[in-house]
Structure formats: structure tokens, C-alpha cells
Amino acid sequence: MRYSQAFIPTLKEVPAEAQIPSHQLMIRSGMIRPLAAGVYSFLPLGYRVVHKVSQIIREEMNAIGAQEFHLPALNPIEIWEQTGRVAEMDDVLFHIKNRDGLVLAPTHEEIIAYHARQHIKSYKDLPQIWYQIQTKFRNEPRPRSGVLRGRQFLMKDAYSLDAKAEGLDLSYEKHRQAYERIFDRCGLKYFQVGASSGAMGGSGSQEFMVESSHGEDTCAISETGNYAANIEVATSWLPPVGRLDDNPPIEKFATPNARTINDLVEQFNIPLERCAKSVVYMADEEPILVLMRGNDELNIEKLMRVVEGARLRPAEAEELSKFTGANAGSIGPIGLKTKMRVIADKLLKSANGLVSGANEDGFHLRNIDFDRDPTIDAFHDLRVVQPGERQGGPDGPELRVVRAIEVGHIFKLGSKYSAALGATFLDENGKDHPIIMGSYGIGVERIIACYVEQHHDEFGIKWNADLSPYHVYLSGLNLKKSDMTREAADKLYVELQAAGLETLYDDRNVSPGFKFKDADLLGFPVHIIVGEKSLKDGNVEVKYRASGDRAVVPLAEAVRRVSEYLGR
Ligand code: ATP
Ligand code: MG
């Protein structure tokens, strides 16, 4: 493409809200433009990258035997009602005002199950992997972060259909490996974490994460790289609180001015970890008392798994006094007004010498022995892991807690959607079963934004040859003034393309400095500079964006040298 004919406006200024470097660079370099909150236009340069990423995904999906679909974004709402997801997705699902019965699809499990019902008759039709690269619509409540969280975005979504659980395991593993190849080929540094699969249900799921301070997920990863987990499920090793030799009986004491754990520690000189902090949660309508070490943060997701699907919320003030007899700050496991389930963090197992609320405002109990005094129904790991803790044991690797962006997600769905939509198959004995499904997503824009985030400097983006909009940025300097330069640059442009190198020819009538700045901002891997000074000695200058290295190369050898460098 000749720059003088092309529509690739670079921008000096970007909107103030574009604070994330990748987002700024994508706007400045003419890849995208914001259109509305969470809605972006891809301009020609950016769309070329979309194509390249999509093609990598396509090749790797086809390599595991997947077949490509194109499913509509407009979906009949009845299908979504049959799986209960109209209610579950709630406000995230876009409804259409002037056409009853249609919604904009936020994902496609339902539609795949719908078609599977029509096409899959027997176990002989299985397994299948069906995928697409298609636009999704989600009414994200806070679509900040540019294309990382759009209300309209491109997703590669794939679905596996299997007859047996072992088949699903195999399909899942194929996807996991395909994802590794996709993200490797896209030049991303990433890690994999076991995720809690949230509202989707099913067992077994992994997320592919890119570390970034702009991420909305939090993960614990070990320095050695062999442990990574979403903070929702991350575990660490810590010594238990344990037992003191001196074990006197429980004693009530007045704490009129202690409202918080810190007050207790300061006023009564109690070690923080021996303050058994109590909170009451409502699991549906049942109150549950949860006990943690005073210095620990309760991990709600871990608690959610303990209550197995019950809806959790903190008890309100009236509920607290009704069920315990006290207000927050004076609650504890002993002397509760109402008998309730009591669960405690496993670090408190068998601990004694503990202090907790007396369920009477302004009073606490000391010398509590968890083996002797209260009834604790169960001990679970309920803490949020903290940075610096170790994984596995006292000598295990140290954990970092980092923010991360989810670029991909694979999970075993089971038969939730197939059962709801009647997508069944006949087994060898003619018996009907729901198809066992898996679902696998990748955010195309997220790959691109993460790549830019990981590969840039103060001057612009640094594309690799596989993702770059073009392979070569060809600058012809002062073309209006020098016929020799124009002829040489025009000829080189034709030769580069003939050699299969995608080239953007900067033939604009602007100063060399202007061209160099744009070349760095756009960040193609190779910049060839054709100028009169070098040409007089039969040379051009080649600049490599990744290293910043420059080389003077004979004009006649330029195409070969650049092809070699780019490996094509
Ligand atoms: P998140 O937790 O970030 O909202 P999700 O769990 O809703 O993600 P999935 O439903 O698993 O995401 O979608 C699969 C993939 O689609 C994600 O891994 C992500 O890469 C991408 N994706 C999801 N939501 C968006 C969005 N609003 N904008 C851009 N990409 C998205
Ligand atoms: Mg989401």
C-alpha cells in the first residue's frame, strides 16, 4: 500500500481517558478509533492485525480437527430462556427493543446445542469440534480498558461435543495445547491458571492469563513458574496457629472501647493471629458463622464453594443481633443466640488461647480452645493468599500476587446446555444421552492489546513478523526533489511485494523526521530507508524495530536480506 493513497491517520493526541499504554498506542498508530463507550472501529492497519491473529487461531483450530461455523449474533430469546440464561446473564444480555423475541448473543453455547440437536443422532456422529470467530455483544457494566473490555468484541469460540467424559477430557486437552500454540505464535508471555468456572458451571476449567497492571483478574504465581492460580482458588502454606501450653478456662472480659480487631490487639496486647475474627454470612436464609485469624482476609469464592451454590451475602445489622445477640465486633462462636453452622479457617484447627466476641456487646472471651469449647462444624481453607507466602510447604516457592488479563478460557461444560435443549445422542445400545460439551473462548482484541502492551517502547509498537500489519515500512526520502530516489524506491516497492513481503510505502511529501517517527510508532519489524545520500553509493539503510539496529545494505541485496531476517 502506498501511504499517499492509504487511510492510516496517526494521531499525536489521544483522548485523556485512554490511559493504558496499549490502548493509547493502538489509537495513536491508527489501528482503532473509539466510537462509543466499549465500542471501537478497527481501521485498516488494525484490521490487518485482526486478520493475522484470526488466521493463526484458524490454523491451530483446524489442526485439531475443528470445523468453522458462522453463527448469527441475532438469537431467538426462547433458546436462551430454555437454559435459564436470560435471567442468569441479566443486564449483560442485550435485548432488542423494536423486535420481540430476539437478543444479541454474548456467547454461543445455546446455538451450538440447538444445532447439535438437529445434526447429532448417534455416538457415531461424535466427537465434534465446532468453532467460529465472530462478534459478541455484552452489555458490560464498566467498559473501561479500551478493547480489552468491549461491549462488542471478537471472540473465537469453540465447542466440543462428546459421548463420554473421557472424550471430553481429550477434547479439552487438545484445546489446551492448541491455545498454547496460538498464544506462542502470537508472541505472548502468558501463564495458565485453574479457574473457578463461576456461573458457567461444570468441572475443570483453565484460564490463559497475561500479567498486566491493567488486568481485572488477580492471580498468585510462583517465581519458579510452576504454580499459578486465580486468587479465587489460590492456596499457600502457612504454619497453623497451634496450641499454647498454658490452657486456662474461658474468661469473659469487658472490651467497651474495642470495635475492631486492631483495637483488641492494641488495648489488650493479644497477638493478632490469636484473635479469632467472626463474621456472619447468610447462605440463602441460613446464617453461617465464619471464623478467621485476625490478620486474614476471607475469600468469598472459597466460602461459596463450601456452601455449594447457596446465594451468599453478609448478614445485616438486624440479622446479626437477632441470630447472635450482639453487633458486629462482639460476635463469636460461643453463646450464640441461635444455633448455626460454624466454619473456621483451617489454620485455626486445634488452636487454643484464642480471643473472640462473647455475643454480648462490649464483651469478649479469652482462652478459647477450639478442641474444647465451641462446636466447629468444619475447617476449610478460606483465606485470600498474600504475596510472599509459600506454596506447598515451608520450603516451597514464594508467591507473587499479580494483576492479569484473561485472554483465553477453556472449560468442561458437561451436559447443562445439551440437556436443557434436548441435544442427545443414541449410544451403542440405542439409549439416549445428553451430549457432553466443552466450551473454549479466546478474545481476539485482547490478544492484540496484550501483545502491544508487552511489545512497545516510548516510540511505539514493536510488531513481530507474524502479527505486524505489514512486514516492511519503506520510506522514500525527499521523493519530490530526487528522481533517482523516486525511481529506486518505486522499484524496490515492487520487488518487495513480488518477494511476498507486505510493504507500506511511505511516499508522502513530508520530512524524513516525520517518516521515521511514524515508522517507529507503527512498529513494523523492518524499516527500509531509501535516500539520496546512501543511494549514491548504491545502498539503502535498514532499521530493525526489535533491536533498534541499523545496517547499510546494497540496494540490490535489500530484498534478500530482509526476507532472510523475516524468515519468509
Ligand atoms: P471476563 O471475566 O474478563 O469478563 P469472561 O469470563 O466473561 O471474561 P468468557 O465468557 O470466558 O470471558 O469469554 C471468552 C474470552 O472472550 C475471554 O477469555 C476474553 O478473552 C474474551 N472476552 C470476554 N469478554 C470480553 C469483552 N468484554 N471484551 C473483549 N474480550 C472479551
Ligand atoms: Mg465477562
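Rings of Phe, Tyr and Trp, the last through its six-membered ring, pair if their centres lie within 6.5 Å. Planes under 30 degrees apart count as stacked, those over 60 as edge-to-face, and the rest as tilted. In this predicted model, the structure holds 15 aromatic pairs by that rule.

Take one of them. F183 and F208 sit 5.4 Å apart, centre to centre. Their planes make an angle of 45°.

Charged side chains come next. Side chains of opposite charge can pair when their charged atoms come close. Here the count comes to 46 salt bridges. One of these joins R85 and E110, with 2.8 Å from N to O. The cut-off is 4 Å, so this pair qualifies. R85 lies in helix α4 (residues 85–89), and E110 lies in helix α5 (residues 109–119).

Now the backbone. The peptide bond from L126 to P127 is cis, and its omega is near 0°. P127 is found in the loop between α5 and β7, the latter spanning 128–137. N269 lies in the loop that runs between α7 (261–268) and β14 (276–283).

Step back to the domains. The chain is divided into three parts: domain 1 (3–10 + 21–234 + 401–452), domain 2 (251–380) and domain 3 (461–566). Over C-alpha atoms, the centres of domain 1 and domain 2 are separated by 41 Å.

What lies between domain 1 and domain 2? On the domain 1 side, 5 residues are in contact with 4 residues of domain 2. About 320 Å² is buried between the two domains, with 37% of it on carbon and sulfur atoms. The touching side of domain 1 has 3 nonpolar, 1 polar and 1 charged residues. Across this interface the rule finds 0 salt bridges. Polar contacts are present, however: 3 residue pairs between domain 1 and domain 2, both partners at pLDDT 80 or more.

How values were computed: Residues are numbered from 1 along each chain as its sequence is written. Chains are lettered from A and ligands numbered from 1 in the order in which they are written. This is a predicted model: local features need pLDDT of at least 70, side-chain atom pairs count only at pLDDT 80 or more; totals for chains, interfaces and linings use all residues. Side-chain values use heavy atoms; hydrogens and water are left out. Domain bounds come from an automatic or database domain assignment. Contact means heavy atoms within 4.5 Å. Buried area is the accessible area (1.4 Å probe) that two parts lose on being put together, summed over both. A salt bridge is a side-chain nitrogen of Lys or Arg within 4 Å of a carboxyl oxygen of Asp or Glu. A polar contact is a pair of N or O atoms within 3.5 Å; within protein, one must be able to donate a hydrogen and the other to accept it, and residues adjacent in sequence count only if both atoms are side-chain atoms. Ala, Val, Leu, Ile, Met, Phe, Trp, Tyr, Cys and Pro count as nonpolar, Asp, Glu, Lys and Arg as charged, and the others, Gly among them, as polar. Helices (H or I, at least four residues) and strands (E, at least two) are DSSP runs, numbered from the N terminus.
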